[in-house]
Amino acid sequence: MAQEEKLSGYRWMILFVVCLICFMANFMQYQVSAWGVVVMTTLGIDAGGLTNLMLMPMLTAVFLSIPAGSLADRYGVKLVVSIGMVLSAVGGFLRYFMINDFTVQIVSMFMIGFGIAALNANLAKVLGSWFKQQTSLAVGVFYAASCVSIVIAQAFSTYFPTLDVSYLVAAIAEAVTAALWIFFMRNVPEGEPMPEPEPVMKYIKIAAKSRGVWCIALAYGLTLASTTAYCAILPSALELVRGVDTATAGSMAAIITVGSFFACFAGPAAVLKLGKNKPFLIVTTVIAAVVMVANWFLPLGTVMWVALVLNGFMTALSGPIIQAMTPDLPEIGAKYAGSAGGIIGTAGLLCSYFVPVIVSSISGDNWTLNFTIESILFLASVLPIAMLPETGAAAKAEMPETSEL
């Protein structure tokens, strides 16, 4: 009993450190947005250069996710994420010391993305090892940390006296976070054996052959890309078409995050109670797609604000659940979850890069068409979700016991 209590307490410490990594990564990225005018003046760049600078950590993940996942399967997640976090901390200090050099700023932001990219690729592996059937709930807490960090970065970054001080404090906090990960993290809970290591390419091949991995990747990519594009264009659309002033339009887009925050907990809690994932995911995805497109046609006022919160809530329900399903795929398990997570992360980020561009080229200045396409793309995630095996607790209880991979 004492051992179980010790393990339970330790797993929450692991979750705290994982969420802290997520918090710091988003905070350091969105600092650039909050200090946007100062950054542009300091570096002598335009809005395009600012956007490029801010998106660098996402580009890191495009290149790093698959190797980070497969290497973690081979050598252990603690070592791989530790290296990523150290490089992120170095990037944070480089950003502070070379604050006037745009090229160095690009490099430093790319380095800052190493830690979170390595962790994201292995998130299901880490939390699945420690939380088992509660993995979706743990992933939900991770997603909530992301929501909170973005809001705090946007709202409070400029409370520091200068950009230099803001960057320095963030770099120190990132170094402390790296130290906490190195000190507290274990690859598996005490008493559980580490899987026998295999060649790196074997991990990638097994993950790439899994239909379930590609279904999760497609569902994750469609939901992430459609919601990202939706929130990106909403302020401009409200300002240009509905006559909303700039500040209010930004606030209306930001209020979506409030709904998303609560969904991070509600979705995982619901599937834990129901015991099944797919029925919940399919129903809520259909409702979310309807809310997305309907939101645009509502009159301005209280009803619009309420609908925006509901929009954020419904569209965020599926994310933690879908991502937590990876180690529950029979052919993947915890052993190949890193490689699978790398494929899923890369696919999702690539969708986030290219889908908004394609949609914008199709819809042009027709904002209604743009929102409609985004909603249809979100709805399309139902198809890969329907093709996934049921991995909920009730379905597992009905299965005969099988040996671990």
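The expected span of a helix is 1.5 Å times one less than its number of residues. The model discussed here is predicted.

Q: How far apart are the end C-alpha atoms of helix α7?
A: Helix α7 covers residues 135-156, which is 22 residues. At 1.5 Å a residue, α7 should span 32 Å. The distance between its end C-alpha atoms agrees with that span, at 31 Å.

Q: Which helix supplies the largest share of the nonpolar patch?
A: The patch covers about 440 Å² and is made by L71, Y75, L79, I83 and L87. Helices α3 (47-75) and α4 (77-97) each give at least two of its residues. The largest share, three residues, comes from α4.

Q: Is L87 buried, partly exposed or exposed?
A: L87 is located in helix α4. Buried means under 20% relative accessible area, and exposed means over 50%. L87 has 31% relative accessibility, so it counts as partly exposed.

Q: Are the rings of Y10 and W130 stacked, edge-to-face or tilted?
A: The whole structure holds 13 aromatic pairs. In the pair of Y10 and W130, the ring centres are 5.4 Å apart and the planes stand at 35 degrees. Planes under 30 degrees apart count as stacked and over 60 as edge-to-face. The pair of Y10 and W130 is therefore tilted.

Q: How many residues apart are Y10 and W130?
A: Y10 lies in helix α1 (residues 2-34), and W130 lies in helix α6 (residues 123-131). The pair links distant parts of the chain, and the separation is 120 residues.

Q: Which residue has its charged end over the ring of Y10?
A: Y10 is buried, with a relative accessible area of 19%. At 4.1 Å from the centre of its ring sits the charged end of R186.

Definitions and conventions:
Residues numbered from 1 in each chain as written. Predicted model: local features only at pLDDT ≥ 70, side-chain atom pairs only at ≥ 80, totals over all residues. Heavy atoms only, no water. Helix = DSSP H or I, 4+ residues; strand = E, 2+ residues; numbered from the N terminus. Patch = residues over 30% accessible without salt bridge, like charges linked within 9 Å, V, L, I, M, F, W, Y side chains within 5 Å. Areas by Shrake-Rupley, 256 points an atom, 1.4 Å probe, with all protein chains shown as cover. Salt bridge = Lys/Arg side-chain N within 4 Å of Asp/Glu carboxyl O. Buried < 20%, exposed > 50% of the residue type's maximum accessible area, 1.4 Å probe, protein only. Phe/Tyr/Trp six-rings, centres within 6.5 Å; stacked < 30°, edge-to-face > 60°. Lys NZ or Arg CZ within 6 Å of the ring centre and 35° of its normal.
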